[in-house]
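Open the model in your viewer and keep the selection panel handy. We will walk from one stop to the next, picking out residues and elements as we go.

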Amino acid sequence: MHEMVNRRTWLKTAGLAAVGAGLGVHCASPLEPNPNGTQLRRVHVSRNRIIRTTVGLRPTRPSGFVLRSETFGDKTIIHNFGHGGSGMSLSWGTAHLAMELALETGASQVAVVGAGVVGLSTARLLQQKGYQVTVYAKDLPPRTTSNMSAAYFGPTGASQPDHTTPEFENVWHRATRLSHRYFQDYLGDEYGVRWVPYYLVSHSQNPPSPQRGLGRLITDLYPETAQLDPSEHPFPTPYVRRRWTLQFEPSVYLNALLRDVRLASGPRSVVVREFTNLDELLMLDEPVIMNCTGLGAKPLFGDEELHPVKGQLTVLLPQPEVNYAVVGGGLHMLPRRDGIILGSTREANDWTLEPSEKQMERVMNGNAEFFDAMT
Ligand SMILES: Cc1cc2nc3c(=O)[nH]c(=O)nc-3n(C[C@H](O)[C@H](O)[C@H](O)COP(=O)(O)OP(=O)(O)OC[C@H]3O[C@@H](n4cnc5c(N)ncnc54)[C@H](O)[C@@H]3O)c2cc1C
């Protein structure tokens with residue numbers, strides 16, 4: 001979408017300036033009907049509509065998340081961390097696989113360390129299997145990285161293509177499909193999970209579907225994918241692909257999961273506690289410890305590969321009439337009840353949580369140019 005800024009130039013060179021300028025050349029169907037049968041509404045992007053700016057650090061590992069068990073004397077630690085830009089999407093899937101590892105231990109009491117989306121999902125699945133679960137975490141929602149997520153179903157941001165192994169690809173594939181299925185049991189306002197039409201916009205032609213990378217394995221998880229003709233969409237880019245995706249509202253969703261954990265195991269099942277080293281962790285009473293500490297796993301376990309990728313979101317006043325998402329060219333717009341979410345930014349190895357004015361400016365300008373030019 002950064003190329004959106006060249007839209008007027010592009011319109012001229014493509015000979016479609018008349019459409020953009022509203023000179024009487026009308027599209028057959030200028031605005032594609034959304035699921036409610038209404039039209040795609042313009043997002044109002046202006047500084048006086050900003051309600052907050054958020055920053056989160058994606059717990060990133062180029063070779064992908066860590067999912068394995070490790071024994072320390074009579075304790076078993078099951079690692080489930082390092083999901084990068086895809087932790088929301090993969091949460092149920094890796095929680096399910098981590099639960100399978102816990103089942104192998106034969107223990108009945110489990111400590112889950114971490115109360116982001118990965119820890120809470122892991123805790124819920126273990127509770128559903130009858131485990132006695134205690135969650136320990138330095139921070140609870142809404143003060144987790146998971147709360148700073150965008151957040152739509154995009155599992156391919158968990159690794160970098162040239163760093164992964166076929167073994168990881170298999171585990172990732174299984175986790176992705178499990179997650180996609182689990183999330184559908186949480187659709188609705190109570191958990192803040194829904195399907196939205198999602199438009200991938202581009203100035204260069206998209207292949208009909210991903211041919212390479214992890215995305216090639218899951219094209220069927222995005223229903224009704226279609227390349228749209230310029231007459232079928234209102235966007236100022238020549239190439240638009242629409243598909244449907246799951247979208248999550250982190251504040252609603254994480255609060256609901258935290259509530260569910262407490263309801264299942266009692267209010268004392270969630271303990272606010274920080275562990276400063278591995279020895280402290282190993283002093284827990286529970287024989288099995290699920291390590292869902294995200295970026296916190298770096299100091300605790302000395303994981304060299306794990307590093308932050310800073311991401312900043314600019315949030316505008318909610319527009320309930322906007323019920324579609326747009327992604328492309330390094331920008332995105334996601335419609336949520338708690339605001340219109342504009343992004344995105346990626347700054348590797350930046351540990352600061354300070355919002356960047358420069359990044360905000362880029363995101364605001366790019367989105368403003370794009371939506372102002374919608375027909
Ligand atoms: C801007 C942005 C946009 C994103 N968009 C998406 C998206 O669209 N889709 C998607 O799937 N993902 C997205 N992500 C990625 C996603 O947010 C993360 O992958 C996910 O939140 C990681 O979850 P987690 O539970 O592993 O970590 P966290 O949410 O960081 O939770 C870690 C937990 O461990 C606790 N902890 C850590 N260290 C310790 C310690 N020493 N002692 C005790 N407790 C500890 C913390 O307090 C916390 O409770 C986005 C991220 C950002 C920043």
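Here is what to select, stop by stop.

Before you start, note that this is a predicted model, where local features need pLDDT of at least 70, side-chain atom pairs count only at pLDDT 80 or more, and totals for chains, interfaces and linings use all residues. Residues are numbered from 1 along each chain as its sequence is written.

**Stop 1: the ligand.** Select the ligand and the 42 residues around it; Gly87, Gly116, Gly294, Gly296 and Gly311 come nearest (a residue counts as near if its C-beta atom, placed from the backbone, lies within 6 Å). Two or more residues of this shell come from each of β1 (50-60), α3 (87-103), α4 (117-128) and β11 (307-316). Helices here are DSSP runs of H or I with at least four residues, strands are runs of E with at least two, and both are numbered from the N terminus. Now colour domain 1 (28-57 + 195-245 + 309-372) and domain 2 (60-186 + 250-305): both give residues to the shell, so the ligand lies between them. The domain bounds come from an automatic or database domain assignment.

**Stop 2: the sheet.** Next, show the open sheet of six strands, ordered β2-β3-β10-β4-β5-β9 with mixed pairing; two strands pair if DSSP finds at least two bridges between them. Which strands stand at the edges? They are β2 (66-72) and β9 (270-272), each with a single partner strand, so one side of each is left without a neighbour in the sheet. Zoom in on β2 and β3 (residues 75-81), which pair in the antiparallel sense over seven bridges. There, Phe72 stands opposite Lys75 in β3.

**Stop 3: two helices.** Select α4 and α6 (residues 250-265), which pack at an angle of about 35° with their axes 10 Å apart. Axes are lines fitted to C-alpha atoms, for helices over the stretch in contact, and angles run from 0 to 180 degrees between N-to-C directions. Residues making the contact include Val117, Leu120 and Arg124 of α4 and Leu254, Leu257 and Val261 of α6 (contact means C-beta atoms, placed from the backbone, within 7 Å).

**Stop 4: backbone details.** Most residues other than glycine have a negative phi, and most peptide bonds are trans. Go to Pro141 and Pro142: the peptide bond from one to the other is cis, with omega near 15°. Pro142 lies in the loop between β5 (132-137) and α5 (166-183). Ala151 is in the loop between β5 and α5 too, and a cis peptide bond joins Ala150 and Ala151, with omega about 5°. Finish at Glu224, which has a positive phi of about 55° although it is not a glycine; Glu224 is found in the loop between β6 (193-202) and β7 (226-228).

Terms used:
Two residues are in contact if their C-beta atoms, placed from the backbone, lie within 7 Å.
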